[in-house]
Every structure is written in structure tokens, then in C-alpha cells.
Amino acid sequence: MESISNPIVHIKHLTKSYRRGGQIVSVLTDISLDIPSGEFIALMGPSGSGKTTLLNLIAGIDKPDSGTLKVGGIDIATLSEGELADWRAANIGFIFQFYNLMPVLTAFENIELPLLLTQLSHKKRQEHVELALSMVGLSERMEHYPSELSGGEQQRVAIARAFITDPVILVADEPTGDLDRVSAGEILAILKRLNSEMEKTIIMVTHDPYAAKTAHLIRHLEKGELDVTD
Amino acid sequence: MHFLKLILRNTLRHKLRSGLTVLGIIVAIVAFGLLRTVVDAWYSGAEGSSDTRLITRNAISLVFPLPIKYQERIRKIEGVTAITHASWFGGVYVSEKNFFPQFAIDAKTYFDVYPEFLIPPAEINAFLIDRKGCVVGRKLADTYGFEIGDTVPLRGTIYPGTWRFTVRAIYDGAEAKTDISQFFFHWDYLNETRKKATARKTSRKTDWVGVYAINISESNRAAEISNKVDAMFRNSLAETRTETEKAFQLSFVAMTEAIVVAIRIVSFVVILILLAVMANTMAMTARERIGEYATLKALGFSHHFLAGLIYGESMAIAFVGAIIGILLTFPVTDKFSEQVGTLFPVFGVSLETIYMQAIAAFSVGITAAVFPAYRVAQISIVEGLRSIG
């Protein structure tokens, strides 16, 4: 177990299990982990090791069975569904393996989507989105629909959508899992920039050792237990 | 604005599916409107009746006539402002399929009691001076091409022989619900012909009429005056039964009540089928987009926002189908009316029917979205995201 003063993520004795076909399957067992603010951490492990579950818990889209889970000093396990939704909108940026863009919205509109939950004016939203588009190198493709973009471009749109609200933490679940080596490299470079230049805390789940090397810290999960390896 | 954009784009996402669903709604709304209009047509006689008009008929049955001498006795009852009479003729114009109601009337008084039949003064005068003249409704004239001066032959079924009438007047209705498919001629002509036939012993009794139509001074005196009329002829050879014109018309509807009920039930079954089609579309739509809804939830959008998207899409489809369906109801009912000729004297889409169509479509739009919206609200983000890939 690690102890860091004022970690952005503080996990202690966390457990999580699921009910599958009438049986209770333990996914995470007694996990303790502190992630400092501004860290870029990679969670690795074989399929079924519980790394995505851990990511989901940190991101507030799932709830633990027991243990402590504090993000930014807030015990998110105690928040109601509505409070969690608001908390996620303000604090978490999501990057998914399959991008999860809205197919009926353009790149611009997809990136703008999280800003609709803020009080920003139309003009301000437009400025933010244009800036985000330029940061991921897609200013020329803002009017394109996801189906008109390559996998790498879609993931760049997804990254722009993730950081558009300036969240504290970016959670990335296999962000390069569906991409070729070149596109994966571009995505990892953007993530690295977000971490180094914008000081975003990034928690990335990956199978890919090459992707994991981008992170400062690598943690392995094995059968629901954390194996500390730097 | 983004909310509406999302709804619109989602609605147009599967154009074939949305198009077919809209088509289903159009067909159902038109069918519903047509069936409701048929039901309305059944009641049009009652709807077009006056509050201050009573009908007196033979107490035994409408088939039995009343003596003409009752007219003057009824006229003297306090509260009666006018009286006239009409007798069912039941003739056939060319063939049995050309059905329209024909009445032998008291020409001098009939149109005073029925002011809703509008006739130009010159034409009514021409009718009054020609004992073989007739008055036809505008719909009847348009259907069979009758014009002023035309001869209309009717083959009598109750009164034997071929009766020839000259069109002297064409009447219009004061209101849309006025029956403009009737045919009127002089009762005097019928009675005189029957007298001649009686002399030859080939006809029924003379100086009898089918029903009396009575105008009264105040509608709230209908029961009192009806009782007075019936009391006057109690224990006579032809006892009377007097009721409001509306009750009289409804007694005809009651004879075919089972058909009306069946049509009503079918009209609602159509809406239930529509609901099933629409609910299926929305359930498929929501199931396909579970991953997207989970993503939106993860980004912080509420259950209400997602439910709004589903309700919005369902309502958008229902709205488009309803608008086109309602608009198409008019030409379809017109075509239907042409096909059935003068079977339904008043046949038109009422405002109430349009409201019912709109309410049906609105209800279907809302109801079809209930289950998908509930399901999306209940599904966990993790489960939803798992469906992607």
C-alpha cells in the first residue's frame, strides 16, 4: 500500500464483486492505491483482472461494495446518482476504446456536448471547442461526422471531448486498443501533452506495454489484486 | 437547440424504419378518422335536430300512419307555434342502389318548420304552384345531376306505379350538419292519387300522414307539450307517441346500435395496433442506442435528458404521422362519401374527430416511449458501455 499526502485518488481496502448467473464473482479484492495529482498512471493486467472495473469505480460510473474511494477529497461512493452525474460532468473526462462518439453529431458538436451541461454561452462554447480542435489537430475536420473520420481522428475527437470541460482527471480505457501503431502513437502523444502541459491526472487502462510506457507509473492487476511494480 | 437537433437527427437516422413507422401511423390515423366519421354520420340526424321541434308518430309503430285531421287539433295546443307533416314514400330511382329519402310533405308549412332548408324564393314559389313538383337537396342534385326542370321518375314500392316529379327547387343547408340529400314532393299529390286508387280499390287509406313535426315555443316545454299531444289522442283509433326530434332520430340509430358499436371498437383497435407498431420501433431504437445513452450518462447527462430524447423522437414520429394522416383524412372521406352516395346524408370530418386523431397520435407517441425511457433510465452505465464494441 502506498501513502501519498493529498492524493487526487485515495483508495483503501476496496472490494467489488458482480452477480453473474446466480453466482457472486469477486472482481476486486482489498485494493489500496493512492494516485497523486498530475500523475499519468497505466493500469495493466490480463483480461478479467479487474482493471476496467477499478477505472469505472474511480470515474464514478460504478460503486464499490466496501472500502474507501475518495477522488479529489470526495467520498464518491456516498453520492446519489444525480450528484454523481454532476460530479462526473465537472471532474472526469472519459476516453473509451471505441471512442463512443454520437454518430449523428459532427466532430464539433461531439466535443461541444459536455459543455451543454455548463453555463457557458454559445460564443464561449464555440471558442472552447475551436481551441480543443486545434489542440488535437482537427480544426479542418470539425464539420465531419464520426463515420467520415478515421479511427485515430475519432479518438482525437473523443480526447477533445474529454478535456473540453477542463476536468481534474482523464480516464482512458484502452485508448489505443482499436488503433494501428501510428494512430496509437499520436493518441499517446496527445495524452502525454495533456499530462505534462495541462497537468491532467491520467489513469489509463491498457493491455499494450508500448502504450503503458507513456505513463509515469504502471500498476498491474492480477485476479482482482494489485501487484505493485514501478 | 442541441436537444432538438439530436432528436431530429436521431429520428432521421434510420430513414426506412422511421418512414415505415410514419406510414403505419398515417394509415392508422386515416382509418381511425374514417371510422369515426362513419359513426358521426350515423348520428348526424340526431346532431342536426332542433331543440324546439317535436315529432309525433303512431304509438304502435312508425309504419302505421296518423290521420290528417290531427294536424289542426295539435296546432291548437298552447305552446305549439307551427306544425307540418311528412310521409315516407320509399320510391326507387332507376335502381335500388340509388337510395335517398323521399317524403311527401305539406308544401305550405314544411319549410317554415324546417328553416334550415334554404330555398330561393322564386324556386319555392315554383314548387308551391306545381303539384307534381319536387324539391331536392344540393347533395342529391350533385350526385344524380338533377337540375331545375328535370323530370325525376320514382318507382313506388309502398305506393305502386311510376311517379314522375319535376325538379322545381334545390335546397341548401343552413349548417354543415343539415341533411341535403332529401327529396320532397306534395303530399296533396300523393293523397289525391291514392284517393283515385281507393275509388278503384287499389290503394291504402287516404288522408293519413306518416309523422307530424311540431315547432314549440320553448325547448324546456318539450316534455309537457309531448304529454299534452299524446294525452289528446289517448284511447283513439291511432294513439300517438311524441318525442323530441333528437330522441326520434336516435331511435333509428338504436336499431343499428350493434354496427355502430362494432365500428367504434374497430376504430380503437386500429389505435392499439398503431401503439404496438410504434412501441416496437421505439423499443428497437432504444435497444440499439444503449451504448450511446450510457456514454451520455457517463458524461453527466441526466435520466431526464435521455428520457426526453426518447420521448422527443417518439413524439416527432407520431407528430409527422398525425399531421399527414389528418390531412389525408379529408380526401379519403370525400372519396368514401362519393362511393356510398347518399347513404349517409351528412358525411364530413368533424372538428371532434380531428381532435380525437390528434389525441390518439399524441397518446401513442407518449405511451410508446414509456418502456424504452424507463429501461434507459434503469440501465447502469457499465452495462450500457459493455454493449459497445
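Two strands are taken to pair if DSSP finds at least two bridges between them.

**View 1. Pairing of strands E1 and E4 in chain A of the predicted model**. Strand E1 (residues 9-20) and strand E4 (residues 66-71) of chain A run antiparallel and are joined by five bridges. Within this pairing, A:Val71 of E4(A) is the residue that stands opposite A:Val9. In a regular strand, side chains alternate between the two faces of the sheet.

**View 2. The open four-stranded sheet of chain A**. The strands follow the order E2-E1-E4-E5, and their pairing is antiparallel. The edge positions are held by strand E2 (23-35) and strand E5 (74-75) of chain A. Each edge strand has a single partner, so one of its sides is left without a neighbour in the sheet.

**View 3. The contact between chain A and chain B**. Chain A contributes 18 residues to the contact and chain B contributes 17 residues. On the side of chain A that touches chain B, helix H2 (residues 81-91) of chain A provides the largest share, with five residues. By class, this side of chain A comprises eleven nonpolar, four polar and three charged residues. The model has an ipTM of 0.93 and a pTM of 0.77.

**View 4. The largest nonpolar core and the surroundings of A:Ile203**. This core holds 116 residues, of which A:Leu43, A:Val171, A:Ile203, B:Ile25 and B:Ile29 touch the most other members. Helix H2 (residues 15-42) of chain B gives the most to the core, with twelve residues. When neighbours within four places in sequence are left aside, the contacts of A:Ile203 are A:Ile35, A:Ile41, A:Leu43, A:Leu55, A:Ile58, A:Ile169 and A:Val171. Another core, of 50 residues, lies apart from the largest one; among its members are B:Leu66, B:Ile105, B:Trp163 and B:Phe165.

**View 5. Strand E9 of chain B and its pairing with strands E4 and E6**. Strand E4 (residues 102-105) of chain B pairs with strand E9 (residues 183-186) of chain B in the parallel sense, over four bridges. Here B:Phe103 has B:Phe184 in E9(B) as its bridge partner. Strand E6 (residues 133-137) of chain B runs antiparallel to E9(B), and three bridges join them. In this second pairing, B:Phe183 of E9(B) stands opposite B:Val136. For chain B, the mean pLDDT is 91, and 97% of its residues reach 70 or more.

Methods. Residues numbered from 1 in each chain as written. Chains lettered and ligands numbered in written order. Predicted model: local features only at pLDDT ≥ 70, side-chain atom pairs only at ≥ 80, totals over all residues. Contact = placed C-beta atoms within 7 Å. Helix = DSSP H or I, 4+ residues; strand = E, 2+ residues; numbered from the N terminus. Nonpolar A, V, L, I, M, F, W, Y, C, P; charged D, E, K, R; others polar. pLDDT = per-residue confidence, 0-100. Core = buried A, V, L, I, M, F, W, Y, C linked by C-beta atoms within 7 Å. Buried ≥ 20, exposed ≤ 12 C-beta atoms within 10 Å, placed from the backbone.
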